Amino acid sequence: MKHTPGPWRVAENAIGTEMILGSISAYRLADICSYEGTLGPTKEISRANARLIAACPVMLDILQTVNAYFYEYRNGELSGYEHELAGQVGALVAMIDGPEE
């Protein structure tokens with residue numbers, strides 16, 4: 001695992017914008033910017049972005065479980081649709097994991 005372990009949560013910082021906190025001592029992972037007007041996302045969109053980002057560790061766990069199901073429990077014996085889905089899930093997990101170092 002190359003990222004801060006979950007769960008992550010959304011909190012509001014001192015200036016009223018969202019931030020993402022990690023599970024370890026409420027470690028601050030990211031600030032989510034919002035700009036009212038035409039410069040960027042509204043506060044509502046920024047809150048939705050923060051919730052999406054905070055859910056990422058859980059989504060990754062689910063993707064890894066699905067990937068393991070396809071290749072470990074099904075031994076790679078997949079139907080056409082399952083094969084396509086397994087490829088998409090595997091590619092997404094690889095994108096999240098990043099290149100080997």
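1. Let's start with Asp-31, which counts as partly exposed at 43% relative accessibility (buried is under 20% relative accessible area, exposed is over 50%, and partly exposed lies in between, with a 1.4 Å probe and protein chains only). Arg-28 is also partly exposed, at 44%. The side chains of Arg-28 and Asp-31 meet in a salt bridge, 2.6 Å from N to O (a side-chain nitrogen of Lys or Arg within 4 Å of a carboxyl oxygen of Asp or Glu).

2. A word on what you are looking at: this is a predicted model, in which local features need pLDDT of at least 70 and side-chain atom pairs count only at pLDDT 80 or more, while totals for chains, interfaces and linings use all residues. Residues are numbered from 1 along each chain as its sequence is written, and side-chain values use heavy atoms, with hydrogens and water left out.

3. How many salt bridges are there by this rule? The count comes to three. Side chains of opposite charge can pair when their charged atoms come close. Lys-43 pairs with Glu-18, and their closest N and O atoms are 3.7 Å apart. This pair links distant parts of the chain, 25 residues apart: Lys-43 belongs to helix H1 (residues 43-54) and Glu-18 to strand E2 (residues 18-21). Helices (H or I, at least four residues) and strands (E, at least two) are DSSP runs, numbered from the N terminus.

4. Is Glu-18 buried or exposed? Glu-18 is buried, with a relative accessible area of 4%, whereas Arg-47 is partly exposed at 35%.

5. Now for the rings. The structure holds one aromatic pair (rings of Phe, Tyr and Trp, the last by its six-membered ring, pair if their centres lie within 6.5 Å; planes under 30 degrees apart count as stacked, over 60 as edge-to-face and the rest as tilted). The rings of Tyr-69 and Phe-70 have centres 5.8 Å apart and planes at 55°, so the pair is tilted. Tyr-69 is partly exposed, with a relative accessible area of 39%, while Phe-70 is buried at 4%.

6. The largest pocket has a volume of about 170 Å³. On a 1 Å grid over the protein atoms alone, a pocket is an open set of points where a 1.4 Å probe fits, with protein on both sides within 12 Å along at least five of seven lines; lining residues have an atom within 4 Å of a point. The volume is the space filled by probe spheres set on the points, which are joined across faces, edges and corners. Among the lining residues are His-3, Trp-8, Leu-92 and Ile-96. Helix H2 (56-73) and H3 are the elements that give two or more residues to this lining, and H2 supplies the largest share, five residues.

7. Pro-7 sits in the segment before strand E1 (9-12).
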